[in-house]
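Here are my notes for your first look at this model. Please keep the structure open while you read.

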Amino acid sequence: PTPVKPFTNSYLFAQEKRSIRDFNVALIPDSTRKFGVLDLEVIVQNGYNYEEPITVGFDIYAPNGKLLDFSVNDITVPGRSLDTVRFSPYIYHTYENSWGAKGAAPLYRVMLYTKRKGVFKEYIPLKVGFGKTEMKDGKITRFDKPVTIVSERYNAAADAAATCKELLALKKKGINTIWPNAPQPYWFYNLCDELGLFVIDQANINAPEKRDDRTAGGTPSNDPRLADEYLERVRNMYYRSRNHTCIIGFALGGESGNGYNMYKAYQWLKSVEPSRPVICIDADGEWDTDLEIVP
């Protein structure tokens with residue numbers, strides 16, 4: 001057998017004390033449904049004990065590479081604190097580059113950055129497609145039109161090349177939605193963004209034993225002692241993939257029954273994700289799912 005190299009798929013990540021802590025990005029229709037709006041929040045951190053100036057900016061490029069808009073903002077962040085910079089510029093002609101329309105997957109490039117005394121200190125390159133997934137009248141919609149979900153269970157192959165080949169084969173079969181059993185490698189979501197495939201991301205919760213037992217503690221999903229573990233896995237799933245255009249919904253786990261822990265996970269996820277549906281596969285008519293759907 002081929003020996004596994006130490007630290008395969010591992011990396012070190014270090015930032016300056018003045019840097020980007022997190023971000024939320026989407027390119028969505030405006031209220032008039034004529035243009036696009038770059039909905040961008042950049043959360044910056046100051047790790048020093050005293051206030052510091054931070055320059056935060058972005059550029060956005062059309063799928064053909066044309067620079068469409070940019071902004072640079074100087075803010076002062078108190079010591080040991082976070083602050084949020086919000087951008088919402090109109091982006092024109094976006095309907096000509098709609099993501100997922102008739103299988104197309106044009107992506108806009110967004111570059112986030114910070115500066116210090118005019119010198120670039122940090123770059124974060126992103127790709128985002130134009131569109132918005134919402135729940136309306138109990139159905140998943142894109143651009144205010146219902147989406148017919150044709151899904152299949154699939155988990156990434158050993159590498160991106162093999163995965164791309166298999167995803168293309170699924171798309172050729174008419175599959176438009178991929179439903180993995182647990183969070184996938186980061187490049188998996190990049191591939192789905194580029195190929196125009198929807199994804200229902202699923203938390204790494206798979207506890208099928210006694211899944212029909214609704215008594216207290218009868219199944220892990222109804223054991224309050226495990227509530228923090230369930231919430232941690234759901235949070236990790238959400239924060240990893242929420243900024244990918246391909247994500248049209250979030251599943252609380254596999255066939256794992258229902259109960260207190262699923263209720264708490266559903267409530268938390270709906271508090272941070274008001275738009276896209278949250279799914280509990282084993283809800284069985286209870287309130288903690290937005291869709292009765294089976295992968």
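Is Tyr113 buried or exposed, and why? The points below start there. Keep in mind that this is a predicted model.

1. **Tyr113.** Tyr113 counts as buried because its relative accessibility is 5%, and buried means under 20%.

2. **Its partner, Phe120.** A search of the whole structure finds 19 aromatic pairs. One of them joins Tyr113 and Phe120. Phe120 has a relative accessibility of 38%, so it counts as partly exposed.

3. **From Phe120 to Tyr123.** Phe120 also pairs with Tyr123. This pair is stacked: the planes are 20 degrees apart and the centres 5.2 Å apart. Notice that two values describe each pair. A pair of aromatic rings is described by the distance of the centres and the angle of the planes.

4. **A cluster of rings.** Look next at Tyr238, Tyr239, Phe250 and Trp268. Ring pairs link these four residues into a cluster.

5. **A charge over a ring.** What lies over the face of Tyr61? Find Arg109 there, at 4.5 Å from the ring centre.

6. **The largest pocket.** The largest pocket has a volume of about 1000 Å³. It is lined by 26 residues. Closest to its centre are Phe23, Ile124, Leu126, Arg240 and His244. Strand 1 (18-29), strand 8 (119-128), helix 2 (186-195) and helix 3 (227-241) each give two or more residues to the lining. The largest share, six residues, comes from strand 8. By class, the lining has 13 nonpolar, eight charged and five polar residues.

7. **The second largest pocket.** How much space lies in the second largest pocket? The volume is about 590 Å³. Its lining has 27 residues, and Val25, Ala26, Arg242, Glu273 and Arg276 lie nearest the centre. Strand 1, strand 2 (36-46) and helix 3 each supply at least two lining residues. Here the largest share, six residues, comes from strand 1. The classes are eleven nonpolar, eight polar and eight charged.

8. Trace strand 1 and helix 3 on the model. Each gives two or more residues to the lining of the largest pocket. Each also supplies at least two residues to the lining of the second largest pocket.

Technical notes. Residues numbered from 1 in each chain as written. Predicted model: local features only at pLDDT ≥ 70, side-chain atom pairs only at ≥ 80, totals over all residues. Heavy atoms only, no water. Phe/Tyr/Trp six-rings, centres within 6.5 Å; stacked < 30°, edge-to-face > 60°. Buried < 20%, exposed > 50% of the residue type's maximum accessible area, 1.4 Å probe, protein only. Lys NZ or Arg CZ within 6 Å of the ring centre and 35° of its normal. 1 Å grid on protein atoms, 1.4 Å probe; cavity = no way out; pocket = protein on both sides within 12 Å on 5 of 7 lines; lining within 4 Å. Points joined across faces, edges and corners; volume = space filled by probe spheres on them. Helix = DSSP H or I, 4+ residues; strand = E, 2+ residues; numbered from the N terminus. Nonpolar A, V, L, I, M, F, W, Y, C, P; charged D, E, K, R; others polar.
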